[in-house]
Amino acid sequence: ILIVSVSAMGLDESWLGTIIDQDKLEKLFLLSKKYGFNVAFEGGEAETLVIDCPIYEKRLQILNSKTKWDGQRGIIEITDIVLMDK
């Protein structure tokens with residue numbers, strides 16, 4: 001799962017393009033407590049893209065993207081993506 005958008009206090013530009021693993025999840029829980037955002041991003045604090053999971057027959061591979069950051073929120077704009085065999 002890739003973070004493609006952030007728009008909450010505590011989630012800075014460094015989170016854009018981050019793949020959520022166990023270590024990142026633990027950091028998100030700590031930031032959620034500190035800044036008061038929903039760790040599941042249910043209030044629009046961030047958006048994610050699932051690039052692979054066990055039920056997918058293929059996975060997504062991002063070939064090109066641009067980061068856009070305005071000082072408070074940002075997005076990853078994916079400009080080239082393909083389906084890849086596993």
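What follows is a short exchange about a predicted model, on its sheet, a residue in one of the strands, and a surface patch.

Colleague: What makes β2 and β3 the edge strands of the sheet?

Modeller: The 4 strands form an open sheet in the order β2-β1-β4-β3, with antiparallel pairing, and β2 (46-49) and β3 (58-69) each pair on one side only. Neighbouring strands of this sheet are turned by 25° against each other on average, direction ignored.

Colleague: Why is serine 5 called buried?

Modeller: Serine 5, which lies in strand β1 (residues 2-6), has a relative accessibility of 15%, and because buried means under 20%, serine 5 counts as buried. Leaving aside residues up to four places away in sequence, serine 5 touches Leu16, Glu45, Ala46, Glu47, Gly74 and Ile75.

Colleague: And why is valine 50 called partly exposed?

Modeller: Valine 50, found in the loop between β2 and β3, has a relative accessible area of 30%; since buried means under 20% and exposed over 50%, with partly exposed in between, valine 50 is partly exposed.

Colleague: Which residues make the nonpolar surface patch with Val50?

Modeller: Ile1, Ile55 and Tyr56 make the patch together with Val50, and its area is about 370 Å².

Methods
Residues numbered from 1 in each chain as written. Predicted model: local features only at pLDDT ≥ 70, side-chain atom pairs only at ≥ 80, totals over all residues. Heavy atoms only, no water. Pairing = 2+ DSSP bridges. Helix = DSSP H or I, 4+ residues; strand = E, 2+ residues; numbered from the N terminus. Axes fitted to C-alpha atoms, helices over the stretch in contact; angles between N-to-C directions. Buried < 20%, exposed > 50% of the residue type's maximum accessible area, 1.4 Å probe, protein only. Contact = heavy atoms within 4.5 Å. Patch = residues over 30% accessible without salt bridge, like charges linked within 9 Å, V, L, I, M, F, W, Y side chains within 5 Å. Areas by Shrake-Rupley, 256 points an atom, 1.4 Å probe, with all protein chains shown as cover. Salt bridge = Lys/Arg side-chain N within 4 Å of Asp/Glu carboxyl O.
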